[in-house]
Amino acid sequence: MARVVLVGNLGQLTGGIAEFDLPATTVKQLYEQLTELHPALGHHLDEGIAVAIDGQIFQDALFEPIGPDSEVFLLPQIAGGSTPV
Amino acid sequence: MAETTNGHSQSYVGTRTVRPDGHDKVTGRARFGSDFNLAGQLIGRVLRSPHPHARIVSIDTSRAEALPGVKAVITRDDFGDQPSEFIPAGEMMMNYKDVVRNVMAREKALYEGHAVAAVAATSVAIARRALKLIDVTYEVLPHVIDVVEAMRSDAPLLHDDLFTVGVDPKPEKPSNIAKRIEIKQGDVEAGFEKADVVIEREFKTAPVHQGYIEPHAALATFSEDGSTELWTTTQGHYIVRAHCARLLGLDVGKVRVTATEIGGGFGGKTVVYLEPLAIALSRKAKRPVKMVMSREEVFKASGPTSGAVVRVKMGATKDGKFVAGFAELKYQAGAFQGSPVQPGVMCAYAPYDIEHVHVIGYDVVSNRPKVAAYRAPGAPISEYAVESVVDEIAKTLDIDPVDLRMQNAAREGTKAAYGPKFGPIGLEETLNAIKKTEHWNAPLRKWQGRGVASGFWFNIGGETCVSLTVNEDGTVSLMAGTPDIGGLRASLAAVAADELGVPYDKVRPIIGDTASLGFNFLTGGSRSAFSGSMAIVEAAKQIKADLCARACKLWEAKPDQVEFSDGAVRPLGALGEKVKPMSVVDFAKVAGKTGGPIGGVGRINAQGAGPSFGTHLVDLEVDPETGRTTILRYTVAQDAGRALHPAYVEGQFQGGAVQGIGWALNEEYIYGEDGKLQNAGFLDYRMPVASDVPMIDAILVEVANPKHPYGVRGVGETPIVPPLGAIANAMANATGIRFTELPMSPPKVLKALKDKGLNRA
Amino acid sequence: MAKHHVEAKVNGDPVEFLCETEETLLDVLRDTLHLTGSKEGCSSGDCGACSVMLDGRLVCSCLVLGCEVGGRQIETIEGMAKGDALHPLQQGFLEHAALQCGICTPGFLVASKALLEKTPSPTESEVRYWLAGNLCRCTGYDKIVSAVMDTAAAMRPKQ
């Protein structure tokens, strides 16, 4: 199970729970599993999120693989050089 | 160190080649935004609100429309409203409800300079006269600019539908606080209990402008079939295309945008101002429309960065270990939400390995222009505050400030305060590099001070599309889609030359328009060399595979009998006795006969951007009689991963450092009580000139980024992050006074010295 | 009000143009004579991007009126190279990477050329103070100053 941590305000959409253990093997699956647990996340995972998998930050990478012992962080997207929202 | 794909030592990457666009730039031939003209063009001008906050009751354009020579007038009525929703716009999140209102005011004018109407006329003089004939009825409202003032519950309200996001329960009343965000790690209160020294300070910074020398410019021509062509000086022509298509209800494919040469951006040219107006005017007038901002308009109506208030509290043990870091950031967003408080929050403690961290940030609207990005948005402000407190800790504990940072430095495997662990990074290397300089040990006299600070920026990758085409004479045409703001074409040409094994001057790079390539995210985030070079490697791979396939057909050989290396397809083993290698030039001559044109397109969403850490060292001298500060000596050490072109990497270090010097010592937006900008020109908005600064020594550190084929890290933004802290620390050493407000301009320094009775040499 | 009829010399060539009273020399160069090498950064003489030589004197063309240059000699960036040969300063800027975005480069080249014609062996301080009227936001001035100093040394007759 990958350990998934929501950074920043994302935790507010899951009723304060910011850490999960999920069996996702891709970023796409991760989003689906999280949204099933907490529908309030809804479209917040569609855009504006960066995913760090074992220390490497990915932006807009739905098919990126997640390992069984991976450490995953969901962060606000860094659109550096342009004002993030 | 990553393997290079051609397996041989590089010959151009890492050398100081002359840039391919250089001759046109030193002869005046290069065409920037306002250098473009079309036959029959009209001149467009914008009418701007004189009030910082006012309801727009009515706009009567009839007298302007009647003036001979005026061919079109537009107002809010010419732009359909946009619903409030954050949607991707060329890969960024934009709320078009805000964008359409910033481009042309609707219900309210929200800052002095806010666009209220625009005209297109046959001459500048007529356009100016026409603006005077537009009658706008304003209901002037009380205004608020300062961030703390704007957060008060009784502050004048900019948007009655803005409810603070990120607080629970959701507020019942609207306010000027758009968002509250926070990151947490461990328990700071417990951390402070363990600390032997705790230092808490509050800092204040003023809004500053990116200061690009070239004002915004756009030229648009609209066709009857609903298509439009636009030339604009921008950091992201695909983003401009997305915004214009959305705001004007056009198909993306019908908007063709050419990025002209750009005279500076630094983040300020990543959004639209004139472009939608020029297209709308051209659509109405049925003629091309050219629009250029004046310098005053640039200051008043583009996107200076946030002014802010930052409170920092740090705790350390007496041995110098940081145990707790707290910060509260309040950033101005300008008229609409969206300050860079998020990256400010994430960057604040990023250089350090601290067990307990808690950072809170507020995004606050106020009656000044909407912020646009400015080089590492948000980070210079928060890291200025933290680096100042780190310095005080060093003094209190009597520990060398570089050693203190070294002791607590983030390293590979350190968990960043914003979550993930760092991969290989170069902070330690930059600290060591600074300590080894002659600068570090140079003697200082009275009223001189030395300061050091470190800084960081994440860097990004993003969607990139680059094409490589081998022409029939063996020259290579390279088309990239990220505007070149600092010498990018030199780096990309070097990579293409090395990948294909062709001479550097046989590679001709251009920046293609939006019709010529797939989507490219903008030039920003320190991404263009990182992503562009990655895409070139992809495109070159395709070409090499293609040439090997052609060779196999020509030589009637199997794939394992040939390989591409050093600019040619080479026969392996026994085959080598029958045929000779064929170079790229050889294939070019027979391209048609062997299958058609030779080329490749790299289409990627570049991932794996590695952060760049930097440490700056500065010596300065204060004149106690005038409060004037002279920068005596400046050294930058920063991790570039791998410098594709050392001179242009050094250039980024030096340019960012000098912008930081300006921010620290002189630059600020000065508003009157009336909410109007008092220094909207280069005379009184005082940026550094050549006589203000010394040579900037640049030390290139290279800790390769394992995720990039050449080890590249973006470098453009990090250089502006450490200077504010380094200079504030040097000032503290020179004067004995800790300045917690920027800029540390002569009047402020003199006053502080006088208050302490120190204003004598 | 009738336009002014002006005859002058630009980069050695005779020119003739009409201009309004309020048009600056910069406006005339860019919009009427189509010499867009001189750039407009501020229109108030603070940035130097519009630098030209007027009868051998370095000026901001945004502070000179078009109607003032009758009978006078103007030299712009377009006249700096001679045929195929770049001026040593132009070559020096390229080799030193003394430009990033390039918008300020024409102004700096015109100003630097004026300096070296007046002072062939300037000190670093003299270079910086002479060029203080030219703003650059990209380079931090370091490589510009190096380019001017090194070119000055290369241009001096060898002892």
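Okay, let's start where two of the chains meet: the contact between them takes 26 residues from chain A and 42 residues from chain B. One thing to keep in mind throughout is that this is a predicted model.

Stay on the chain A side for a moment. Two strands, β4 (56–59) and β5 (71–76) of chain A, each supply at least two residues of the side that touches chain B. The largest share comes from β4(A), with four residues. If you sort that side of chain A by class, you get 13 nonpolar, 11 polar and two charged residues.

What about the other chains? There are two pairs of chains in contact, and of those, chains B and C share the most contacts. Chain A and chain C, on the other hand, do not touch, and their nearest C-alpha atoms are 15 Å apart.

The largest nonpolar core has 323 residues, and the ones with the most contacts inside it are Ala496(B) and Ile727(B). The largest share of this core, 11 residues, comes from α16(B). So who does Ala496(B) touch? Leaving out residues up to four places away in sequence, Ala496(B) touches Leu468(B), Val476(B), Leu478(B), Val507(B), Ile536(B) and Ala540(B).

Next, a sheet in chain B. It's an open one with three strands in the order β6-β2-β8, and the pairing is antiparallel. Why call β6 (108–109) and β8 (135–140) of chain B the edges? Each has a single partner strand, so one side of each is left without a neighbour in the sheet. As for β2 of chain B, residues 54–60, six bridges join that strand to β8(B), and the two run antiparallel. If you want a pair to look for on screen, Ile59(B) stands opposite Val136(B) in β8(B).

As background, most residues other than glycine have a negative phi, and most peptide bonds are trans. Chain B has some exceptions to show you. Asp168(B) and Pro169(B) are joined by a cis peptide bond, with omega about 5 degrees. You'll find Pro169(B) in the loop between α5 (147–151) and β9 (177–185) of chain B. Another cis bond joins Leu742(B) and Pro743(B), where omega is about -5 degrees. Pro743(B) sits in the loop between α19 (722–735) and α20 (746–755) of chain B.

Then there's positive phi. Arg375(B) isn't a glycine, yet its phi is near 30 degrees. Its place is in the loop between β17 (356–365) and α11 (379–397) of chain B. Glu556(B) isn't a glycine either, and its phi is positive too, about 50 degrees. Glu556(B) is in the loop between α16 and β22 (562–565) of chain B.

Are these two buried or exposed? Arg375(B) has 29 other C-beta atoms within 10 Å, and because the cut-off for buried is 20 or more, Arg375(B) is buried. Glu556(B) has 10 other C-beta atoms within 10 Å, so with exposed meaning 12 or fewer, Glu556(B) is exposed.

Last stop, chain C. In helix α2 of that chain, residues 88–95, the buried ones are Leu89(C), Gln90(C), Gly92(C) and Phe93(C). Look down the axis of α2(C) and the buried residues fall within an arc of 160 degrees, so they line one face of the helix. And what covers them? The cover includes α1 (22–27) of chain B, along with α3 (105–118) and α5 (142–155) of chain C. After α2(C) comes Ala97(C), which has a positive phi, near 55 degrees.

That's the tour, so over to you for questions.

How values were computed
Residues numbered from 1 in each chain as written. Chains lettered and ligands numbered in written order. Predicted model: local features only at pLDDT ≥ 70, side-chain atom pairs only at ≥ 80, totals over all residues. Contact = placed C-beta atoms within 7 Å. Nonpolar A, V, L, I, M, F, W, Y, C, P; charged D, E, K, R; others polar. Core = buried A, V, L, I, M, F, W, Y, C linked by C-beta atoms within 7 Å. Pairing = 2+ DSSP bridges. Arc of directions from axis to C-beta.
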